[in-house]
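Dear colleague,

I am handing over the structure we spoke about, and my notes on it follow directly below. Please read them with the model open beside you.

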Amino acid sequence: MPKKYGQACPVARSLEFLGERWTLLIVRDLLRGITRYGDLARSLEPIAPNLLAGRLRRLEDLGLVTRERYSERPLRASYELTERGRALAPVIITLGRFGIDLLKRAEPDYLAAHIGCGGRVPPTAWRCLRCGDDVTAGELELLPQAEIAPPLAPVAAE
(Lines give C-alpha, C1' and ligand atoms only; values in the text may rest on other atoms or scores of the structure.)
Protein backbone atom coordinates (compact mmCIF):
# COMPACT_ATOMS: atom_id res chain seq x y z
CA MET A 1 0.00 0.00 0.00
CA PRO A 2 1.41 3.41 -0.91
CA LYS A 3 2.57 5.69 1.86
CA LYS A 4 0.08 8.43 2.76
CA TYR A 5 1.54 11.82 3.60
CA GLY A 6 -1.77 13.45 4.55
CA GLN A 7 -0.78 16.80 3.07
CA ALA A 8 -2.70 18.95 0.59
CA CYS A 9 0.44 19.35 -1.51
CA PRO A 10 0.78 18.26 -5.15
CA VAL A 11 4.27 16.83 -4.57
CA ALA A 12 3.13 14.77 -1.58
CA ARG A 13 0.08 13.55 -3.52
CA SER A 14 2.25 12.53 -6.48
CA LEU A 15 4.62 10.65 -4.19
CA GLU A 16 1.70 8.72 -2.73
CA PHE A 17 1.24 7.21 -6.20
CA LEU A 18 4.76 7.22 -7.65
CA GLY A 19 7.11 7.24 -4.67
CA GLU A 20 7.25 3.49 -4.08
CA ARG A 21 10.57 1.76 -4.70
CA TRP A 22 11.06 0.70 -8.34
CA THR A 23 8.12 2.69 -9.75
CA LEU A 24 10.08 5.51 -11.37
CA LEU A 25 12.72 3.05 -12.60
CA ILE A 26 9.94 1.16 -14.39
CA VAL A 27 8.82 4.44 -15.98
CA ARG A 28 12.45 5.13 -16.94
CA ASP A 29 12.74 1.78 -18.69
CA LEU A 30 9.43 2.21 -20.50
CA LEU A 31 10.68 5.60 -21.73
CA ARG A 32 13.82 3.80 -22.97
CA GLY A 33 11.65 1.50 -25.05
CA ILE A 34 11.87 -1.58 -22.83
CA THR A 35 8.30 -2.85 -23.06
CA ARG A 36 8.19 -6.61 -22.47
CA TYR A 37 7.75 -7.92 -18.96
CA GLY A 38 10.79 -10.24 -19.19
CA ASP A 39 13.01 -7.44 -20.51
CA LEU A 40 11.82 -5.13 -17.73
CA ALA A 41 12.59 -7.84 -15.16
CA ARG A 42 16.13 -8.27 -16.55
CA SER A 43 16.75 -4.52 -16.66
CA LEU A 44 15.51 -4.02 -13.11
CA GLU A 45 17.20 -7.07 -11.58
CA PRO A 46 17.04 -7.86 -8.62
CA ILE A 47 13.34 -6.81 -8.52
CA ALA A 48 11.07 -9.65 -7.39
CA PRO A 49 8.60 -10.80 -10.09
CA ASN A 50 5.56 -10.22 -7.86
CA LEU A 51 6.80 -6.70 -7.06
CA LEU A 52 7.30 -5.84 -10.74
CA ALA A 53 3.86 -7.22 -11.60
CA GLY A 54 2.29 -5.22 -8.76
CA ARG A 55 4.00 -1.98 -9.76
CA LEU A 56 2.96 -2.44 -13.40
CA ARG A 57 -0.60 -3.17 -12.32
CA ARG A 58 -0.60 -0.01 -10.18
CA LEU A 59 0.71 2.09 -13.08
CA GLU A 60 -1.98 0.57 -15.28
CA ASP A 61 -4.68 1.37 -12.69
CA LEU A 62 -3.43 4.98 -12.59
CA GLY A 63 -3.78 5.25 -16.38
CA LEU A 64 -0.03 5.68 -16.86
CA VAL A 65 0.58 2.36 -18.62
CA THR A 66 -1.33 0.12 -20.99
CA ARG A 67 -0.81 -3.64 -21.15
CA GLU A 68 -1.10 -5.81 -24.24
CA ARG A 69 -0.86 -9.59 -24.25
CA TYR A 70 1.27 -10.87 -27.07
CA SER A 71 1.21 -14.55 -26.08
CA GLU A 72 -1.42 -16.63 -24.31
CA ARG A 73 0.71 -19.76 -23.79
CA PRO A 74 2.85 -18.92 -22.05
CA LEU A 75 1.07 -15.76 -20.92
CA ARG A 76 3.23 -12.79 -21.86
CA ALA A 77 2.54 -9.07 -21.99
CA SER A 78 4.13 -5.86 -23.14
CA TYR A 79 3.60 -2.46 -21.59
CA GLU A 80 3.53 1.04 -23.01
CA LEU A 81 3.28 4.42 -21.37
CA THR A 82 0.12 6.37 -22.07
CA GLU A 83 0.31 10.06 -22.89
CA ARG A 84 -0.20 10.72 -19.19
CA GLY A 85 2.65 8.32 -18.38
CA ARG A 86 4.97 9.96 -20.93
CA ALA A 87 4.29 13.25 -19.14
CA LEU A 88 6.62 11.90 -16.43
CA ALA A 89 9.59 12.14 -18.84
CA PRO A 90 10.77 15.53 -17.50
CA VAL A 91 10.74 14.12 -13.96
CA ILE A 92 12.89 11.15 -14.99
CA ILE A 93 15.23 13.35 -17.03
CA THR A 94 15.67 15.84 -14.20
CA LEU A 95 16.35 13.03 -11.71
CA GLY A 96 18.91 11.67 -14.18
CA ARG A 97 20.66 15.03 -14.43
CA PHE A 98 20.79 15.20 -10.63
CA GLY A 99 22.10 11.63 -10.44
CA ILE A 100 24.94 12.05 -12.92
CA ASP A 101 26.37 14.75 -10.67
CA LEU A 102 26.29 12.26 -7.78
CA LEU A 103 27.96 9.64 -9.99
CA LYS A 104 30.51 12.23 -11.21
CA ARG A 105 29.75 11.47 -14.87
CA ALA A 106 29.58 13.86 -17.78
CA GLU A 107 26.40 12.47 -19.35
CA PRO A 108 23.69 9.97 -18.47
CA ASP A 109 23.43 6.68 -20.37
CA TYR A 110 20.24 7.88 -22.05
CA LEU A 111 19.32 11.36 -23.23
CA ALA A 112 15.96 12.98 -23.89
CA ALA A 113 15.04 12.82 -27.56
CA HIS A 114 12.19 14.36 -29.56
CA ILE A 115 9.94 11.52 -30.76
CA GLY A 116 9.13 13.52 -33.91
CA CYS A 117 12.66 13.76 -35.30
CA GLY A 118 15.01 11.99 -32.87
CA GLY A 119 16.90 15.18 -31.96
CA ARG A 120 18.26 15.84 -28.48
CA VAL A 121 16.13 17.86 -26.08
CA PRO A 122 18.18 19.40 -23.28
CA PRO A 123 16.47 19.32 -19.86
CA THR A 124 16.93 23.05 -19.41
CA ALA A 125 15.21 24.25 -22.59
CA TRP A 126 12.60 21.69 -23.77
CA ARG A 127 13.37 22.72 -27.33
CA CYS A 128 14.65 20.18 -29.83
CA LEU A 129 18.23 20.92 -30.91
CA ARG A 130 17.57 19.21 -34.26
CA CYS A 131 14.32 20.74 -35.55
CA GLY A 132 13.93 23.70 -33.18
CA ASP A 133 10.39 22.75 -32.11
CA ASP A 134 9.21 23.30 -28.55
CA VAL A 135 8.70 19.83 -27.13
CA THR A 136 6.06 18.74 -24.65
CA ALA A 137 6.59 15.96 -22.12
CA GLY A 138 4.52 13.56 -24.23
CA GLU A 139 6.92 14.01 -27.13
CA LEU A 140 9.99 12.77 -25.24
CA GLU A 141 11.70 9.38 -25.19
CA LEU A 142 15.06 8.26 -23.83
CA LEU A 143 17.71 7.12 -26.30
CA PRO A 144 21.37 6.13 -26.01
CA GLN A 145 23.62 9.04 -26.99
CA ALA A 146 24.71 7.20 -30.15
CA GLU A 147 21.10 7.14 -31.40
CA ILE A 148 20.47 10.88 -31.02
CA ALA A 149 20.05 12.54 -34.42
CA PRO A 150 22.49 15.39 -35.08
CA PRO A 151 21.20 18.96 -35.38
CA LEU A 152 20.05 19.97 -38.84
CA ALA A 153 22.32 22.33 -40.78
CA PRO A 154 21.01 25.90 -40.80
CA VAL A 155 19.32 26.91 -44.04
CA ALA A 156 21.25 29.66 -45.85
CA ALA A 157 19.32 32.86 -46.58
CA GLU A 158 19.02 33.75 -50.24
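Is R55 buried or exposed? R55 is buried, with a relative accessible area of 15%, where buried stands for under 20% relative accessible area, exposed for over 50% and partly exposed for what lies in between, computed with a 1.4 Å probe and the protein chains only.

Before going on, the conventions. This is a predicted model, in which local features need pLDDT of at least 70 and side-chain atom pairs count only at pLDDT 80 or more, while totals for chains, interfaces and linings use all residues. Residues are numbered from 1 along each chain as its sequence is written, and side-chain values use heavy atoms, with hydrogens and water left out.

The chain as a whole

The chain holds six helices and four strands, which from the N terminus on run α-α-α-α-β-β-α-α-β-β; helices (H or I, at least four residues) and strands (E, at least two) are DSSP runs, numbered from the N terminus. Its C-alpha atoms fill a box of roughly 60 × 45 × 30 Å along the principal axes. Of the 158 residues, 33% count as buried, and the chain exposes about 10100 Å², of which carbon and sulfur atoms supply 53%; these areas come from the Shrake-Rupley method with a 1.4 Å probe, and for residues only the protein chains shown count as cover. Among contacts (heavy atoms within 4.5 Å) between residues at least 6 apart in sequence, 47% join residues at least 24 apart.

R55 is found in helix α4, and, leaving aside neighbours within four places in sequence, R55 is in contact with E20, R21, T23 and I26. A polar atom of the R55 side chain lies 3.0 Å from the backbone oxygen of R21, which is a polar contact in the sense of a pair of N or O atoms within 3.5 Å; within protein, one must be able to donate a hydrogen and the other to accept it, and residues adjacent in sequence count only if both atoms are side-chain atoms.

W22 is placed in the loop between α1 (10-18) and α2 (23-31), and has a positive phi of about 85° although it is not a glycine. At 13% relative accessibility, W22 counts as buried. Within α2, the buried residues are T23, I26, V27, D29, L30 and L31. D29 has a relative accessible area of 0%; its side chain makes a polar contact with the side chain of R32 at 3.0 Å, and, not counting residues up to four places away in sequence, D29 touches I34, L40, S43 and L44. Just after α2, G33 takes a positive phi of about 90°.

Two cis peptide bonds

As background, most residues other than glycine have a negative phi, and most peptide bonds are trans. A cis peptide bond joins E45 and P46, with omega about 25°, and P46 is found in the loop between α3 and α4. A cis peptide bond also joins R73 and P74, with omega about -5°, and P74 lies in the loop between β1 and β2.

The second largest pocket

This pocket has a volume of about 300 Å³. It is lined by 16 residues, of which Y37, L75, R76, A77 and Y79 lie nearest its centre, and the elements that give two or more residues to the lining are α3 (37-43), α4 (49-61), β1 (65-72) and β2 (75-81). The lining divides into seven nonpolar, one polar and eight charged residues, with Ala, Val, Leu, Ile, Met, Phe, Trp, Tyr, Cys and Pro taken as nonpolar, Asp, Glu, Lys and Arg as charged, and the others, Gly among them, as polar. On a 1 Å grid over the protein atoms alone, a pocket is an open set of points where a 1.4 Å probe fits, with protein on both sides within 12 Å along at least five of seven lines, and lining residues have an atom within 4 Å of a point; points are joined across faces, edges and corners, and a volume is the space filled by probe spheres set on them.

R130

R130 is found in the loop between β3 (110-114) and β4 (140-144) and, at 24% relative accessibility, counts as partly exposed. Leaving aside neighbours within four places in sequence, R130 is in contact with C117, G119, A149, P150, P151 and L152. R130 and L152 are 22 residues apart in sequence and 5.3 Å apart in space, C-alpha to C-alpha, and the backbone oxygen of P150 lies 2.5 Å from a polar atom of the R130 side chain.
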